[in-house]
Amino acid sequence: MYFCEKLKLYAMAQISNEISRTFNEYLLIPGLTTKECTPDRINLQTPLVKFTKGSKSEIVLNMPFVSAIMQSVSDSEMAIALARNGGVSFIYGSQSIESQAEMVRKVKEFKAGFVASRANLTPEDTLQDVLDMKEKTGFSTIAITHDGSSNGRLLGLVTSRDYRPRRDDEHKKVKEFMTPFAGLVTGKYGITLEEANNIIWDKKVNTLPIVDEKGCLKYLVFRKDYDSHKDNPNELHDEQKRLIVGAGINTRDYEERIPKLVEAGVDVLCIDSSDGFSEWQKETIEFVRKTYGDTVKIGAGNVVDTEGFNYLADAGADFIKVGIGGGSICITREQKGIGRGQATSIIEVAQARDEYFKKHGQYIPICSDGGIVQDYHMVLALAMGADFLMMGRYFARFDESPTKKLLIGGTYVKEYWGEGSNRARNWQRYDMGGNSTLKFEEGVDSYVPYAGKLKDNLEITLGKIKATMCSCGTLSIEELKNNAKITLVSSTSIIEGGAHDVIVKDNKNS
């Protein structure tokens with residue numbers, strides 16, 4: 001009796017009786033598709049950073065995708081490819097300040113058709129090193145520089161025509177079979193793409209190295225890429241026609257990291273954290289505002305409810321990421337019991353964003369981060385109120401991600417690991433203050449099916465999104481938010497939605 005009376009003296013946690021739901025529990029209900037509602041008329045533009053009522057966002061995405069702040073997803077090559085297709089990459093911050101700033105610089109210095117070399121060796125390396133490099137990167141053209149770097153003094157090129165794997169000695173030095181600099185046709189740094197392509201065609205070469213006045217390699221221009229260098233109507237660039245690029249930061253070394261990233265030309269920052277509802281994020285945003293005013297854009301997160309959104313909105317965030325524990329490689333919910341279903345999170349935070357806009361006249365875009373499995377989930381997230389989507393697994397599958405392509409069990413895959421895994425050791429992302437480092441994993445090390453080039457896959461995904469929006473009778477993301485109809489589905493309804501009660505043919509044998 002005494003024990004029961006004693007319990008009444010203690011309060012209990014606030015309990016939400018709302019079910020935490022995922023995208024898989026919803027479907028879109030068709031709306032009227034008018035004759036004007038065709039895929040070619042769909043507008044996928046969406047704001048990336050906040051704006052006041054009556055004005056326009058300073059950065060508008062041409063498609064609602066950004067890539068995740070992850071070692072296995074977002075480097076300079078991914079950033080270039082995504083920006084050329086209308087989105088933005090946030091280059092991962094779990095690396096040295098200098099290397100991250102250099103990646104940002106490469107994106108800002110990129111010119112369509114001019115490719116930074118990602119396969120480089122020295123003359124003292126061997127044929128085996130060439131074969132290993134080709135296996136690792138998939139590139140058959142390897143630049144030979146004095147220090148093996150992408151910007152070293154160019155000494156030659158090696159292509160598959162320069163050696164015979166089964167007949168040449170694997171210990172043979174690169175300098176013995178490379179095409180030396182004297183035998184190369186090169187272009188001077190500063191040359192236009194049209195001039196470079198003219199040289200390629202006139203001299204009948206497949207690769208044109210671009211070198212500066214010191215003979216250092218700057219870019220490569222390839223004959224095979226000629227057709228792909230035509231105008232990209234969705235390319236996302238600044239007023240100086242440079243590609244837009246983002247970068248992830250943490251709440252520990254931001255005072256040193258941010259100035260270097262700004263100097264490199266970064267367009268937008270994002271605080272990378274599994275839980276953004278913290279004073280650490282507020283202090284980081286305050287540093288940016290005090291140092292740069294509104295000229296430097298910074299997103300924050302992640303949050304899952306109204307309270308978290310309002311806290312970061314009041315702190316001055318330019319956009320806010322939503323989602324905890326929904327990523328395919330994230331085990332935060334399993335390890336800490338922290339998180340919320342992604343659909344429920346987006347719905348509540350979107351309502352908070354709209355209320356904030358009504359009250360303060362300031363629209364702060366929200367980013368749905370995690371929980372996307374099927375392409376239609378992307379449309380659901382947008383219809384529920386997300387302005388754009390951050391994805392890791394989706395982009396990790398492509399040639400442009402920085403990880404290795406491997407052949408495992410007869411299937412090509414790419415490596416994909418979480419920032420909270422022991423492999424990444426990104427303890428700053430899970431920082432709770434004090435002197436603690438990564439004590440336990442909140443992410444896993446895994447593989448994803450290899451899918452090929454980013455552009456090819458994007459065309460399919462965006463085609464699905466546009467077709468779904470047409471079925472909803474909407475021509476823009478804004479119309480989708482306002483007019484889409486969504487229904488909850490039962491577990492049996494989910495089964496009904498796939499192939500059932502038939503024997504599906506094995507396409508491999510048909």
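Where does glycine 473 lie? I found glycine 473 in the loop between α14 and α15 (477-483). Helices here are DSSP runs of H or I with at least four residues, strands are E runs of at least two, and both are numbered from the N terminus.

Notes on the model. I am working on a predicted model, in which local features need pLDDT of at least 70 and side-chain atom pairs count only at pLDDT 80 or more, while totals for chains, interfaces and linings use all residues. Residues are numbered from 1 along each chain as its sequence is written, and side-chain values use heavy atoms, with hydrogens and water left out.

Entry 1, glycine 473. I looked up the exposure of glycine 473 and got partly exposed, at 27% relative accessibility. The classes are buried under 20% relative accessible area, exposed over 50%, and partly exposed in between, with a 1.4 Å probe and protein chains only. I then listed what glycine 473 touches, leaving out residues up to four places away in sequence: Gly31, Leu32, Thr33, Cys37 and Glu479. Contact means heavy atoms within 4.5 Å. I also checked glycine 473 against glutamate 36: they are 437 residues apart in sequence and 9.4 Å apart in space, C-alpha to C-alpha.

I counted 16 helices and 24 strands in the protein chain. Of its 510 residues, 50% count as buried. For contacts between residues at least 6 apart in sequence, I get 64% that join residues at least 24 apart.

How many of the 9 residues of α2 are buried? I count 8, so α2 is largely enclosed by the rest of the structure. The buried ones are Ser76, Met78, Ala79, Ile80, Ala81, Leu82, Ala83 and Arg84. Their cover includes β5 (65-67), β6 (88-91), α3, α13 (393-396) and α14 (454-471).

I looked at the packing of α2 on α3 separately. The two helices pack at about 30°, with axes 9 Å apart. Axes are lines fitted to C-alpha atoms, for helices over the stretch in contact, and angles run from 0 to 180 degrees between N-to-C directions. The crossing of α2 past α3 is right-handed, that is, the near helix is turned clockwise from the far one by less than a right angle, with anticlockwise being left-handed. Ser76, Ala79 and Ile80 on the α2 side meet Met103, Lys106 and Val107 on the α3 side. I sorted the residues of this contact into 4 nonpolar, 1 polar and 1 charged. Nonpolar covers Ala, Val, Leu, Ile, Met, Phe, Trp, Tyr, Cys and Pro, charged covers Asp, Glu, Lys and Arg, and the others, Gly among them, are polar.

I searched the whole structure and found 23 salt bridges, each a side-chain nitrogen of Lys or Arg within 4 Å of a carboxyl oxygen of Asp or Glu. One of them joins glutamate 77 and arginine 118, at 2.0 Å from N to O. Glutamate 77 is in helix α2 (residues 76-84) and arginine 118 in the loop between α3 (97-109) and β7 (120-121), so the pair ties together parts 41 residues apart in sequence. Arginine 118 is partly exposed at 34%.

I next took glutamate 124 and lysine 173, whose closest N and O atoms are 3.7 Å apart in a salt bridge. Glutamate 124 sits in the loop between β7 and α4 (127-137) and lysine 173 in the loop between β9 (154-158) and α5 (174-177), so this pair ties together parts 49 residues apart in sequence. Glutamate 124 is partly exposed at 43%, and lysine 173 is partly exposed at 29%.

I placed threonine 122 in the loop between β7 and α4. Is threonine 122 buried or exposed? I read a relative accessible area of 17%, which makes threonine 122 buried. Leaving out residues up to four places away in sequence, threonine 122 touches Ile144, Thr145, His146, Asp147, Gly148 and Val174.

I traced an open sheet of 3 strands in the order β11-β12-β13, with mixed pairing. Two strands pair if DSSP finds at least two bridges between them. The edge strands, β11 (187-188) and β13 (217-222), each pair on one side only. Strand β12 (residues 207-211) runs antiparallel to β13, joined by 5 bridges. I noted leucine 220 in β13 as the bridge partner of proline 209. Helix α6 (residues 193-203) lies across β12 and β13, at about 65° to β13.
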